[in-house]
Protein chains: 2
Amino acid sequence: MKNNLFTIGRLSEQTGCVVQTIRYYERIGLLPEPDRSPRGHRLYNEDILNRLKFILRTRQLGFNIEERRTFLELVDGGKYTCHKIRQKTLLHAQEIKRKIRDLKKMERELLKMTDQCNDGSGTDCSILATLFRN
Amino acid sequence: MKNNLFTIGRLSEQTGCVVQTIRYYERIGLLPEPDRSPRGHRLYNEDILNRLKFILRTRQLGFNIEERRTFLELVDGGKYTCHKIRQKTLLHAQEIKRKIRDLKKMERELLKMTDQCNDGSGTDCSILATLFRN
DNA sequence: GCTTGCAGCTATAGTTACTATAGCATGTAT
DNA sequence: ATACATGCTATAGTAACTATAGCTGCAAGC
């Protein structure tokens, strides 16, 4: 049951990643150029499937393309250390923490504005007043 | 002290918005085309200064260009109601809440991975193991 | 035998919200 | 005279895809 090849449509189904994105990842070098059928269709194997799944998990965790690329290079080269990867991951977690803080601030300010709003049908809106304050 | 005109550099200083962005906002219609000096330099007044400040505040609150445009149209047309603006703002706050939830989930997962990591110099990294799990 | 539909292909453009660059004109300071 | 600062326009670049146009080739239905 190993060693069977499948098309890009099957890879897309297996991973939930749309076809264009798969080809995009190949173009930018995250995925290798796969074998082709006589008709020129891409043929994938389990290795590439797993590699794509790896990429998609790092994507879901908010790593950008270059960060994903670095992870892959570390893995490919086998020259990573646990420490290096942990540092990278912690750094990323900190950035996410900062984003959360910023968004919470936004949320607080938005809710503060709506709190002061009478929600009426008139045109004396305290939200706009706040946005227009000097 | 009113009615004095100033250049784009001054507007930039007053608002903290870089010059290119001001011109960009003009191009996409958020800011009006201002008067020009004999040399063709843009000349701004207090009204445009306040309009730009308004735009920048909505930007800081995470409203995208089209949302900012809608706010401006409501204000320009005078045909807004307090209720409408409140709804718009609350909806936006909800989207931000959702983003915060997603980011918190990311953060938790990242920290969980690093927790299980021995942080050593070896190449048996539990973070990678987690990312590669099937 | 013909058409329709589907899956794949390449190359290219569009998206968001700016940011940066190239190449120009003009005014002021040295 | 020359450098520097500020302004101008038009255009390209950014991130990470997503969508489109126009093509090939296979299989099924009429």
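**View 1. Lys104(B) sits in helix α5 of chain B.** Helices here are DSSP runs (H or I, at least four residues), and they are numbered from the N terminus. Because its relative accessibility is 32%, Lys104(B) counts as partly exposed. For residues, buried means under 20% relative accessible area, exposed means over 50%, and partly exposed lies in between (1.4 Å probe, protein chains only). Please keep in mind that this is a predicted model, in which local features need pLDDT of at least 70, side-chain atom pairs count only at pLDDT 80 or more, and totals for chains, interfaces and linings use all residues. Residues are numbered from 1 along each chain as its sequence is written, chains are lettered from A and ligands numbered from 1 in the order in which they are written, and side-chain values use heavy atoms, with hydrogens and water left out.

**View 2. A patch of positive charge on the surface brings together Lys104(A), Arg108(A), Lys104(B) and Arg108(B).** Two elements give two or more residues to the positive patch: α5 (82–115) of chain A and α5 (82–115) of chain B. Patches are made of residues with over 30% relative accessible area and no salt bridge, with like charges joined within 9 Å and nonpolar side chains (Val, Leu, Ile, Met, Phe, Trp, Tyr) within 5 Å.

**View 3. Lys97(A) and Glu107(B) form a salt bridge, with their closest N and O atoms 2.9 Å apart.** Glu107(B) is buried, with a relative accessible area of 11%, whereas Lys97(A) is partly exposed at 42%. A salt bridge is a side-chain nitrogen of Lys or Arg within 4 Å of a carboxyl oxygen of Asp or Glu. Over all chains, the structure has 14 salt bridges.

**View 4. Asp119(A) pairs with Arg86(B) in a salt bridge, the closest N and O atoms being 3.7 Å apart.** Here too the pair crosses between chains, from the loop between α5 and α6 of chain A, where Asp119(A) lies, to helix α5 of chain B, where Arg86(B) lies. Asp119(A) is partly exposed, at 28% relative accessibility.

**View 5. Within chain A, Lys105(A) forms a salt bridge with Glu109(A), the closest N and O atoms being 3.6 Å apart.** The two are four residues apart in helix α5 of chain A, so about one helical turn separates them. Lys105(A) is partly exposed, with a relative accessible area of 43%, and Glu109(A) is partly exposed at 31%.

**View 6. Six aromatic pairs are found over all chains.** In one of them, the ring centres of Tyr24(A) and Tyr25(A) are 5.8 Å apart and the planes stand at 40 degrees, so the pair is tilted. Tyr24(A) is partly exposed at 34%, while Tyr25(A) is buried at 2%. In another, Phe132(A) and Phe54(B) have ring centres 4.3 Å apart and planes at 25 degrees, so the pair is stacked. Phe132(A) belongs to helix α6 (residues 126–132) of chain A and Phe54(B) to helix α3 (residues 46–60) of chain B, so the pair joins two chains. Phe132(A) is partly exposed at 34%, and Phe54(B) is buried at 1%. Rings of Phe, Tyr and Trp (its six-membered ring) pair if their centres lie within 6.5 Å; planes under 30 degrees apart count as stacked, over 60 as edge-to-face and the rest as tilted.

Technical notes. Areas by Shrake-Rupley, 256 points an atom, 1.4 Å probe, with all protein chains shown as cover. Lys, Arg positive; Asp, Glu negative; His and termini not counted. Charge placed at Lys NZ, Arg CZ, Asp CG, Glu CD.
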